[in-house]
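User: I would like to learn how to read this structure feature by feature. Could you take me through it, giving the general idea and then the case at hand?

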Amino acid sequence: MKITRRSLIRGTVATGLAGAVGGTGELHARGRDKPPSGRNGTTAAAKRGSGPFGYTPFTATFELPAVLNNAVVDPSDGTVQNGLNLSPSAGTAEASVGSEAVYHGFAPEYRRDHPVHAAANANTPSAEKWDRFGNGVGIGGSELHSQLSVEHGTHQFIPGIDTRIFGYASASLDGQYNLSGHGTFPAPTILARQGQPIMMRVQNNLGKIDELGTAPECSVHLHGDHTPAHSDGYPDFYILPGRRRDYYYPNIGPRHSAEPAPLGASPEEIARAGNTGPYSPSDLPTTMWYHEHGMDITGYLVSRGLAGFYLIQDDLELDLIQRRVLPAFYNTPTMPGFADDTVTDIPLALMDQTFDSTGTELPYNFLDHNGRLGDVFTINGTVQPKFEVERRKYRLRFLNASNARIYHLRLSNGGFIQIGQDSWEFPQAIATREFTLAMAQRVDTIVDFSDAPDEVYLENLMVQKDGRGPKGISRRNRTPLMKFVVKGPRHNNDVSVDVGTPLRPFDRIQESEVRATRYFKFVRRNGAWQINNHFFSPRTTNATPVLNSAERWIFENSSGGWWHPVHIHLEAHEIVKYNGKRPPPQYRYNVDVSVLEPNGTSEFLMKFRTFTGPFVFHCHNLEHEDIRMMNVFDPRPEGHESLNDGTRPHNDDTFQDAYGSTYRDHSGMVENEEDWDQDGGLF
Ligand SMILES: [Cu+2]
């Protein structure tokens, strides 16, 4: 048995000998010597200084994450303005694609002669172009170019205490990275527009980390996305230490009428089959997030700050906003019809934290395979903040960015209007009194403060003592997470969204479209986490659906009392049976997380469109994911086998596919521009 550095980091090896190998990770105390956190029993009992390190709960101001590069969406036509432009004309030498500095080569979609840009390319006129705002694509087109760097930094979760974190820092035009101030935890919010691709270059500047004993590789996943495999944050499609990688986010929905790719299809035919026909608004996301996804150390890196929002707007969303059904898009309140500049579209990232006795470190126990649970509650990086709101409707987009904590949220004064679950909006708004929010889930809500009392608390009712999962809901032992201070007179001319308001058409996958059924059992074995009795191997494919086809998948949790919120990459899935019954209202449409309760099941339909893999699905308890509760699926044209054959090494592995294109690391990235010119490329 080979024991790798990774197995040492995690204190286990992927053969079930959990804990048998001594880890290099240190065991840290969970801050037992500090004052109790804000669990005060009732909302009214927030005593002065009763929070961690003498903090008085609800005195620090709630913060909105910064927007990456100050990009804003132009309300007149929805285009994103003021994005960082890395094109050579902007004077940035590093923009040249195929640069040696960009590990893994470059995204083939970046090239203007890629089939998906065919409308701008007379050679393959039958495919529609992705960049519908573009005057051409690639350098000089309307693609947005952004740059992030993974950096060390400090952040004040608690006023006055600088805590060491990792952060995604946005780069300024002069190439300097700015990681300072409050806005870096969560990471900068990326604003995007459907139909306008973003090329995001991410630099890994973490360097050697003492408690790891090494410099970690990184990988960035855009959660809820529909992107090529090379840009999906596959766990070992790395950004090597000191290197960078270009992520290509086409910001497209899967084509509604995409046909299963036929046997022997050419690259152009695959592109044509998957990329012609209209989008369905049903498939277009709104609330996504991006986070670190590197193999075996995702939990460590995310808990230290490598996560942020990615909010995207399409024509339908823009229409809802312009008709004043929904609040103005995040950070863009000053648009026609909006007479004020109050931001009422509010993303909230909930994360529990553990601190060391000084508050300056976020200790992480690499030997904890159950799930990292914190005893301090933060929202957007502030411990139990207060937020001043007006008497009007707010859009509150909740994200559970915690590693292993499951929340059950309610407001002290009433309920929510829920408008979406995970990355997608509902067909119509529904009334939701309170809701459970498992790891990685998003719940998109409208809260009406019009008739609210002067103080409203967001409360967590879920009792949880360890990573196994919550013990259940307690109405006596409520933890206040955030205080809304409601001010001023009732707003007139408020947005109109209410229970029953139509939002977005929903096209259900038809049973007649289903071509295969697959079963996946989530089990605990030898103290570690598996799916169908196998650990994740990045070089082994567990399912090869036909590209653009639909399948029925059945998840079963056979691991005893443990909870497993399972996230599937690439597309939404539609739950048809949850625990053997009709799913609850919030799970009846598009989701990207199926929460497996103890001994629970989720049966769902899903399509696998546009992009060949590999992609992953995995438990979003990040420690379970890191201990390899993850599988690989790899959509391929009919009759084609997955390129993951279980034998290829993943370092410097260059090979040719059936069409003669040269790839590296199975990532689908073209190694250099000469390869592209020779092969024509595909995705
Ligand atoms: Cu799990």
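Analyst: The dialogue below goes from the whole chain to its sheets, a loop residue and the metal site. Please keep in mind that this is a predicted model.

User: How many helices and strands does the chain have?

Analyst: The chain has six helices and 38 strands. Of its 683 residues, 65% count as buried. The accessible surface comes to about 22,500 Å², and 47% of that belongs to carbon and sulfur atoms. Among contacts between residues at least 6 apart in sequence, 74% join residues at least 24 apart.

User: What order do the strands of the open sheet of five strands have?

Analyst: In general, strands of a sheet pair through backbone hydrogen bonds, either parallel or antiparallel. Here the order is S15-S25-S22-S17-S20, and the pairing is mixed. Strand S15 (386–391) and strand S20 (435–437) are the edge strands, each pairing on one side only. On average, neighbouring strands of this sheet are turned by 30° against each other, direction ignored.

User: In which sense do strands S22 and S25 pair?

Analyst: Strand S22 (residues 455–460) and strand S25 (residues 479–490) are antiparallel, with six bridges between them.

User: Where can I find a hairpin, and what should I look for in its turn?

Analyst: Strands S18 and S19 form a hairpin with two residues between them. Asp-422, in the turn, has a positive phi of about 55°. Strand S18 (residues 416–421) runs antiparallel to S19, and five bridges join the two. Ile-417 stands opposite Ala-431 in S19. As for cover, seven of the nine residues of strand S19 (residues 424–432) are buried.

User: Which strand pairs with S6 in the parallel sense?

Analyst: The partner of S6 is strand S11 (residues 307–313), and the parallel pairing extends over five bridges. Ala-192 stands opposite Ile-312 in S11. Strand S6 (residues 187–193) is mostly covered, with seven of its seven residues buried.

User: What does the side chain of Gln-464 reach?

Analyst: The side chain of Gln-464 reaches the backbone oxygen of Ala-404 at 2.9 Å. A polar atom of this side chain also lies 2.8 Å from the backbone nitrogen of Ile-406. Leaving aside residues up to four places away in sequence, Gln-464 touches several residues, including Leu-373, Arg-405 and Pro-470.

User: Which residues are the protein donors of the copper ion?

Analyst: They are His-564 (ND1), Cys-619 (SG) and His-624 (ND1), lying 2.0 Å from the ion. In sequence, the donor residues are spaced H-x54-C-x4-H. His-564 lies in strand S29 (residues 564–568) and Cys-619 in strand S34 (residues 615–619), so this pair ties together parts that are 55 residues apart in sequence.

User: Why does His-564 count as buried?

Analyst: His-564 counts as buried because its relative accessibility is 0%. Cys-619 is buried too, with a relative accessible area of 0%.

Technical notes. Residues numbered from 1 in each chain as written. Predicted model: local features only at pLDDT ≥ 70, side-chain atom pairs only at ≥ 80, totals over all residues. Heavy atoms only, no water. Pairing = 2+ DSSP bridges. Helix = DSSP H or I, 4+ residues; strand = E, 2+ residues; numbered from the N terminus. Axes fitted to C-alpha atoms, helices over the stretch in contact; angles between N-to-C directions. Donors = N, O, S within 2.8 Å, 3.2 Å for Na, K, Ca; no water. Buried < 20%, exposed > 50% of the residue type's maximum accessible area, 1.4 Å probe, protein only. Contact = heavy atoms within 4.5 Å. Areas by Shrake-Rupley, 256 points an atom, 1.4 Å probe, with all protein chains shown as cover. Polar contact = N/O pair within 3.5 Å; in protein donor to acceptor, adjacent residues only side chain to side chain.
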